[in-house]
Amino acid sequence: MLDLPFASLLRVAVLAAVIFPALPAAAAAQQEPPLTRADTLRGTITPERAWWDVAYYDLAVHVNPASSSIAGSNVIEYRVVTEGPDRDMQLDLAATMTVDSILANGSPAEWRRDGNVLYLRAPGGAAGSVHRVAVHYGGKPLVAANAPWDGGFVWARDPRGAPWVGTAVQGTGASVWWPTKDHQSDEPDSMRIRVTVPDPMIAVTNGRPGPVVANPGGTSTYTWTVSNPISTYSISISAGDYVRFGETFDGEAGPLSLDYWVLEPHLADARRHFAQVPEVLTCFETWFGPYPFYEDSFKLVESPYLGMEHQSAIAYGNRFVNGYLGQDLSGTGLGLSWDYIIVHEAAHEWWGNNVTTDDIADMWVHEGFGNYAEGIFVECRQGEEAGARYIRGLRAGIANDGPVIGPYGVNREGSGDMYPKGANLLHTIRQVVDDTDLWRSILRGLNETFRHETVTSAEVEAYVSDRAGRDFGPVFDQYLRRASLPILELAVRDGTLSYRWRAEVEGFDLPVRVTLAPDRFAWIYPETGEWKTEPVELPSSVQVQVDEDLYILVDRVP
């Protein structure tokens, strides 16, 4: 019989049915729509994308809540990667948006549209030469049906009835509301964002605030500058009747500005609730290294939806309660003493914003590490066993319904299991590493080695294996590229324990701690294929305990 050493099947069923529908990460598998040419254009580094690299974006947007429309421009400064003459450049902008004009180095450019893609004739030249393209555009952007999971603009009203606007576009893509090279592998080195809104709204976005200009007609323009590389989906607009308060965090890299932008009626609640932020940052700096964006500050910005990891401007909508809207997604009770959105989205400043995947297919690097960071925060607060118990509790939301890594080159994620299964994969590997200081150095090293870079899952996997001194390649393959879990087969006969792995990945060889005598754990080293044996002082396989911190299935042969 197969058994789950971490929870009863009843608890699994109850938690999966009651708690996790709110999180698409753990929802049941859904039929994916067929792939189209548009998916390939979005998800692939086409020849029209490959020859140039984004250096700087200068985005200006006028937001009109009365008509649910926007108008603006984006000046794209780019470097030529491959020497050559003028050639076609691919930009991305949703077909629902209208292009007014496109200029290349100040002169009108020839351009055409192919659905959500713009092709224009752009200046080439020597490798390393720098040019500018300006796109002037407007229209009614996609409205988010269920932000942040179904991306787009959110046109809302605050509790006093005043306009309240937000954006959330991960997966859906930044190009639903502004023209850009909409692929995670190419981030600008820096950026300026200017947002014009009707008075008395205040516009908050990524980076540091600059001048505010009062315009004729009752609008104001808010300027923000981003000093670090940033993913396009992380660029956000939040606008409303905001008030600001803040503090300074004494971090590993010096003083860090913490700024909080909330609706005025919620100021007292926010002052009380956001007091937990410094504790979160202290824990994550200890485990992951210095906060990656000191130059751009750390912000929480109240949003009309649950939350999103916008770099240096985290969208917060968890109603100033602990847990996930008051629930504990681990089912252990350990998640009820801290705010899920603060902890999870802050973790993304390291995992997702600092270390960003080239392709959304590898998004487990963002979400698996982000989910795992929740357990790290519990460990910082309550010790290693409490943190482990939290991670084990997340298993109730794993469906094992498909590979965690999705198909490459088509802007398609893998299974929503990337959150809890990714976290439990990392927790499992930590048990085998069996050295807390080494494990912490691996997590910090990932953030230092790939600081402000885009990476592949394969690069992250290789780094972990190299630093751990053990090839975890087959383990990553089984948990990330296959749907099923590895199965440890155990049999006890005449004082001998026989064991082996049953797994889809050839050569799967994860070590396991088991009891070979009452209350005494020891390591065994099962492999796929042939049985291996050890002397055992237990009468049957039922009495052989298996380390519950390993996320595996166990088949106990009578």
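At what angle do helix α6 and helix α7 pack, and how far apart are their axes? The structure is a predicted model, in which local features need pLDDT of at least 70 and side-chain atom pairs count only at pLDDT 80 or more, while totals for chains, interfaces and linings use all residues. Residues are numbered from 1 along each chain as its sequence is written, and side-chain values use heavy atoms, with hydrogens and water left out.

Helix α6 (residues 340-347) packs against helix α7 (residues 364-382) at an angle of about 125°, and their axes lie 8 Å apart. Helices (H or I, at least four residues) and strands (E, at least two) are DSSP runs, numbered from the N terminus. Axes are lines fitted to C-alpha atoms, for helices over the stretch in contact, and angles run from 0 to 180 degrees between N-to-C directions. The angle therefore makes α6 oblique to α7; under 35 degrees counts as roughly parallel, over 145 as roughly antiparallel, 65 to 115 as roughly perpendicular and the rest as oblique. In the contact (heavy atoms within 4.5 Å), α6 contributes Tyr-340, Val-343, His-344 and Ala-347, and residues of α7 include Glu-367, Gly-370 and Phe-377.

An open sheet of four strands was also found, with the order β10-β11-β16-β13 and antiparallel pairing. Two strands pair if DSSP finds at least two bridges between them. At the edges are β10 (152-157) and β13 (202-204), each of which pairs on one side only. From one strand to the next, the twist averages 15°. Six bridges join β10 to strand β11 (residues 163-168) in the antiparallel sense, and Trp-155 stands opposite Val-165 in β11.
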